[in-house]
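Dear colleague,

I am passing on a structure that I have been reading through, and my notes on it follow below. Please look at the coordinates alongside the text.

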Amino acid sequence: MTVDKTIEGVKNIMDGNYDDVPEDKFMNIGSIDEINTK
Amino acid sequence: MEVANKGKVVSVTEAVVEVEFMAEPRPRLRDVLILEKDPSIKVQVMKSSDNTRFYCIGLSKTRAIKRGDVVVNTGDALKIPVGVGILGRVMNVFGEAKDGLGEIKYDKLAPVFNESPSYADTVADLQFLETGIKIVDLYAPLVQGGKVGLFGGSGVGKTMLLTEILHNIINKDPKNNVSVFCGVGERSREGHELFNELKDTNVLPSVSLVFGAMGESPATRFLTAFAGASVAEYFRDDYGKNVLLFVDNIFRFAQAGSELSLLMNNIPSEDGYQATLNSEMASVHERLVAKNGRSVTAIEAIYLPEDDLFDPAAQTVFGYLDSSIVLSRDAYREGRLPAVDIIQSDSDALNPHNVTPKHYYVATASKSLLKKAELLERIVSLVGESELSDEDRTLYQRARKIKKYT
């Protein structure tokens, strides 16, 4: 997992792009893109 | 009648042996003395107790030493074998193999105690060292040639995180890197597990392991940290490699020093630790620096008694660290692994010069958001999340998502 991917994920959460996604989906994932596959 | 380099044992208290040298030359500090009747039994001079008497720490089991036994001064300090042959091997502070793979092959013997490099030789260049662990890379980035501390009480995952970092960075640039694992005062089971893991993942050939486990004498545990530093120095200076030094656990070094200090009748400081805690910690950490273009990156686990970050031993280490990663029991209970307390963790490298401006902005802005959410936590625990304003609820939920994501 690269730091750039981590930064992207956190920035997207802060910007509200994942406000509709339940918080459990953020657990035990690598890249933020994996949310869609959970 | 005493002969020149011989003395006799006056008292034996656990790991500390008091000897008397009636005639000159008397031993110097750190000289190793051997028992005349059994040269395999060694003690090391640590302090003079009066004009002719010296406190020594037992380098082997002191049970065989009796009052009146004759000791002989070797005139030399403790040395540890170093060389390419120690890569892939496990040894103790005396250079004895602990992996059952036969004798250790070595190029030379290096003193366990050494001076720190001069200011002129020391290089301070903070370069981001990526570990692949989200929470570490974002909030407490490691730096090449720096020191990172993993703080935490028992059972919150210090060793687990240390091992994970080891696995993730050990294979970076194997041509220029070697690793040294220094096990100080931890369970021997953990050392065994680590050895097997390194073997199974084929990284053992680039790692040298020095162990002084929990069951060893305080002298052995105390000296193991110095031995780890000596091995790291050898690979940096003689072998010309960048060294990753993993220490698990540096608190046990402080603890062993405290045990020895009390046994040598020293008066402890007000907080219960030995009065020399600062200088002992400095004598290890000041050696772990980048020198002549080659670095030692130290990654240390630090046990916190009663989860207390203000414990004097932990506080003594803080000053040497470039990055501090604090593991919290609350995060562990929430099931977040590694259980890092984001707000308490930090790194000198987290500035726009060492990381990208975007990294710096996202880390500081999200930390500030987490801090605000922490204040809201109290309200939520009393009256529930539904009582928060829309704005606060959104902030609170985003903070929870960030914690779970990282």
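**Helix packing in chain B**

The crossing of H2(B) and H3(B) is right-handed. Please keep in mind throughout that this is a predicted model. Helix H2, residues 158–170 of chain B, and helix H3, residues 188–200 of chain B, pack at an angle of about 20 degrees, and their axes are 12 Å apart. Because that angle is under 35 degrees, H2(B) counts as roughly parallel to H3(B). On the side of H2(B), the residues that meet the partner helix are Thr159(B), Thr163(B), Leu166(B) and His167(B), while H3(B) brings Glu190(B), Leu194(B), Glu197(B) and Leu198(B). This contact of H2(B) with H3(B) is made up of three nonpolar, three polar and two charged residues.

Helix H5 (residues 250–263) and helix H6 (residues 277–285) of chain B pack with their axes 10 Å apart, at an angle of about 135 degrees, which makes H5(B) oblique to H6(B). The crossing in which H5(B) passes H6(B) is right-handed. H5(B) contributes Ile250(B), Phe253(B), Ala254(B) and Gly257(B) to the contact, and these face Leu277(B), Glu280(B), Met281(B), Val284(B) and His285(B) of H6(B). Six of the residues in the contact of H5(B) with H6(B) are nonpolar, two are polar and one is charged.

**Aromatic pairs**

Over all chains, the structure holds twelve aromatic pairs. One of them is formed by Phe222(B) and Phe253(B), whose rings are stacked at 5.1 Å centre to centre with 10 degrees between the planes. This pair links distant parts of the chain, given that Phe222(B) lies in helix H4 (residues 218–237) of chain B and Phe253(B) in helix H5 of chain B, 31 residues apart. Phe222(B) has a relative accessible area of 4% and is therefore buried, and Phe253(B), at 1% relative accessibility, counts as buried as well.

The aromatic pair of Phe251(B) and Tyr303(B) is edge-to-face, with 5.2 Å from centre to centre and 70 degrees between the planes. It too links distant parts of the chain, from Phe251(B) in helix H5 of chain B to Tyr303(B) in strand S18 (residues 296–303) of chain B, 52 residues apart. Phe251(B) and Tyr303(B) are both buried. Beyond the pairs, Phe113(B), Phe222(B), Phe226(B) and Phe253(B) form one aromatic cluster.

Is Lys367(B) buried or exposed? Lys367(B), which is found in helix H9 (residues 357–383) of chain B, has a relative accessibility of 17% and therefore counts as buried, the cut-off being under 20%. Apart from neighbours within four places in sequence, Lys367(B) is in contact with Tyr139(B), Ile342(B), Ile343(B), Ser345(B) and Asp346(B).

Asn176(B) sits in the loop between H2 and strand S14 (177–184) of chain B, and with 26% relative accessibility it counts as partly exposed. Not counting residues up to four places away in sequence, Asn176(B) touches Lys241(B), Asn242(B) and Arg294(B). The C-alpha atoms of Asn176(B) and Arg294(B) are 9.2 Å apart in space, although the two residues are 118 residues apart in sequence.

**Backbone details to check**

The peptide bond from Glu24(B) to Pro25(B) is cis, with omega near -5 degrees, and Pro25(B) belongs to the loop between strand S2 (16–20) and strand S3 (32–35) of chain B. Asp248(B) and Asn249(B) are also joined by a cis peptide bond, for which omega is about 25 degrees; Asn249(B) lies in the loop between strand S16 (242–248) and H5 of chain B.

Asn202(B), which is not a glycine, has a positive phi of about 60 degrees. Asn202(B) is in the loop between H3 and strand S15 (207–212) of chain B and is exposed, with a relative accessible area of 65%. Asn265(B) likewise has a positive phi, near 65 degrees, in the loop between H5 and H6 of chain B, and is exposed at a relative accessible area of 57%.

Methods. Residues numbered from 1 in each chain as written. Chains lettered and ligands numbered in written order. Predicted model: local features only at pLDDT ≥ 70, side-chain atom pairs only at ≥ 80, totals over all residues. Heavy atoms only, no water. Axes fitted to C-alpha atoms, helices over the stretch in contact; angles between N-to-C directions. Helix = DSSP H or I, 4+ residues; strand = E, 2+ residues; numbered from the N terminus. Parallel < 35°, antiparallel > 145°, perpendicular 65-115°, else oblique. Left-handed = near helix turned anticlockwise from the far one by under 90°. Contact = heavy atoms within 4.5 Å. Nonpolar A, V, L, I, M, F, W, Y, C, P; charged D, E, K, R; others polar. Phe/Tyr/Trp six-rings, centres within 6.5 Å; stacked < 30°, edge-to-face > 60°. Buried < 20%, exposed > 50% of the residue type's maximum accessible area, 1.4 Å probe, protein only.
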